[in-house]
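Thank you all for coming.

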Amino acid sequence: MMTDTLPKALADWREAPRVRAMNDREAPAKADYVLCWLQQALRAHDNPVIDAAVRLGNAMGLPVLVYHGLREDYPYASDRLHRFILGASRDLGKGCRQRGLACVHYVDRSEKREKGLVYRLAARAAAVVLEDQPAFVAQWQAERVADKVDRPVYAVNAACTVPPAALAQDIRATSAFRRRHEAVREDWYDWHDEEPERPPYDGALPYTPDDLATMDDAALDALVASLAIDHDLPPVARFPATRAAVTERLQRLAEVVLPRYADARGDASRADGASELSPYLHFGMVGPREIVAAVRGADVSAEKRGKYLDELLTWREWFHYKARRMRVPESYARLPDWARRELAEHAQDERPNRETLHALVHGETDNESWNACQKQFLLDGWMHNNVRMFWAKWLIQMTPSPEEGWATACYLNDRFSLDGRDPSTYGNIAWAFGDSAPGYGRRPIYGLVAYRTDASIRKQKGGPAWLAEQAARPAIKVHVPRTPPKDPYLSEKVPI
Ligand SMILES: Cc1cc2nc3c(=O)[nH]c(=O)nc-3n(C[C@H](O)[C@H](O)[C@H](O)COP(=O)(O)OP(=O)(O)OC[C@H]3O[C@@H](n4cnc5c(N)ncnc54)[C@H](O)[C@@H]3O)c2cc1C
């Protein structure tokens with residue numbers, strides 16, 4: 001847990017198990033602020049990263065400077081992802097100012113290259129507080145900064161209700177995780193926004209921040225259009241990147257989704273079976289505790305609440321917990337030995353359903369049901385929970401080898417889905433590729449890895465019509481490499 005290496009302001013905090021010291025540097029005698037570097041937890045309230053920084057700042061008599069920067073060159077940077085992130089960042093800034101905190105932004109671009117900005121900001125800080133994220137770019141950036149910065153660096157878990165470090169560290173199965181998590185989760189439901197004792201920082205900065213607060217949607221769109229990123233992939237209207245959209249969804253969750261969730265969640269053709277909160281959770285525009293509060297406040301039976309909370313708290317946090325124990329959660333090597341052995345033994349089996357990556361990306365394969373699913377990723381930047389299971393399992397037989405199937409699943413999730421690049425992405429893909437109970441019988445291509453058809457959606461009353469309608473949606477045309485790009489983090493080095 002490493003709380004013994006934390007300063008008193010953090011060690012005495014009820015949220016201390018969220019925090020870990022990432023280096024053993026000393027705070028300098030003089031500093032301007034405590035730097036709170038947000039990478040993914042883009043919310044101003046119920047944000048333990050900000051709260052940890054405020055506690056440190058109060059103890060040191062310093063203000064907090066919240067910083068969010070967006071590079072042009074992270075993997076899969078596109079209009080879709082950039083626009084969502086910048087919308088979130090804009091509302092983060094507004095919320096911070098209302099909370100009495102200075103928040104500065106930086107949008108990396110050719111005419112405004114601020115090399116090493118985090119290091120330059122850190123050089124004026126007493127300490128750096130950042131996020132403890134176990135996957136994708138945030139994980140590696142945090143490690144690199146902690147290694148190079150001559151300041152104490154603290155990583156704070158903001159993604160989970162129960163910080164993984166507060167649980168036993170030897171949990172091996174979902175059922176055991178559920179039991180342990182259920183036993184303590186209520187202790188972690190409440191939060192308290194720490195109040196800064198110092199006025200917002202308005203001193204010198206090593207750069208001129210981008211003023212997102214004064215930019216309306218058209219200005220953000222224009223900024224995104226000017227960047228050297230993937231412009232083939234447009235933003236999606238279905239998921240507006242605003243806190244107002246989060247609030248609306250929380251209300252819809254309580255009033256529309258929860259009363260029917262237990263029945264409707266297995267039917268992708270029904271609009272009331274999904275809260276559609278995962279993009280907002282991935283980019284931290286809402287934390288799980290705020291969702292739990294909405295669920296607990298809903299006028300529905302405990303059983304109905306329980307089903308939803310099991311998805312949100314058990315499954316989601318299980319994948320976070322697992323990812324933390326892996327060096328590279330994106331890696332095919334995370335699969336259990338037996339599953340890799342089974343898939344390898346059947347790697348040479350004939351694959352009559354093979355498709356090109358181009359057809360897969362555009363949802364233009366010979367399989368209508370699979371196309372319906374992929375059109376959701378391509379056009380909506382999201383896919384319904386129930387059909388994701390079929391989508392990933394079927395992909396195994398549509399690709400030349402299990403390893404390429406894995407790389408393709410990660411690529412499609414990470415490039416197209418707003419909630420991709422997440423511990424839940426790789427944990428669920430691993431589930432589909434055999435990190436789960438074996439199937440009942442051996443099959444070609446899959447061996448003993450469990451197989452799944454489209455029956456769960458086809459058998460629904462509105463299923464066949466929904467599949468046909470979704471599959472027929474015109475695809476947008478995007479560039480596609482011949483093979484899926486290799487995951488940049490497999491090398492265990494930050495590529496950017
Ligand atoms: C192959 C595959 C790939 C997936 N990829 C992702 C991904 O990239 N990012 C992602 O966030 N989720 C992923 N999931 C999990 C799940 O499908 C999505 O979280 C869910 O569909 C999001 O929609 P929702 O918010 O409407 O979910 P709801 O049904 O409303 O569920 C509420 C919340 O519970 C959590 N949840 C539900 N099911 C799961 C699950 N199986 N695992 C973990 N958390 C869950 C999510 O946070 C979700 O927002 C994947 C599942 C599969 C089978």
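What follows is a short account of the chain and of its cysteines.

Please keep in mind that this is a predicted model, in which local features need pLDDT of at least 70 and side-chain atom pairs count only at pLDDT 80 or more, while totals for chains, interfaces and linings use all residues. Residues are numbered from 1 along each chain as its sequence is written, and side-chain values use heavy atoms, with hydrogens and water left out.

The chain has 20 helices and six strands, where helices are DSSP runs of H or I with at least four residues and strands are runs of E with at least two. Its radius of gyration, taken over C-alpha atoms, is 23 Å, close to the 23 Å from the globule rule (2.2 Å times the number of residues to the power 0.38), so the chain is as compact as a globular protein of 496 residues. Along the principal axes, the C-alpha atoms fill a box of roughly 65 × 50 × 45 Å.

Of the 496 residues, 59% are buried, meaning under 20% relative accessible area with a 1.4 Å probe, protein chains only.

Now to the cysteines: how many disulfides does the structure hold? It holds zero, a disulfide being a pair of cysteine sulfur atoms within 2.5 Å. For Cys 96, the nearest cysteine sulfur belongs to Cys 103 and is 4.3 Å away; Cys 96 is also buried, at 0% relative accessibility. For Cys 160, the closest cysteine sulfur is in Cys 36, at 18 Å, which is too far for a bond, and Cys 160 is likewise buried, at 2% relative accessibility.

Terms used:
Buried means under 20% relative accessible area, exposed over 50%, partly exposed in between (1.4 Å probe, protein chains only).
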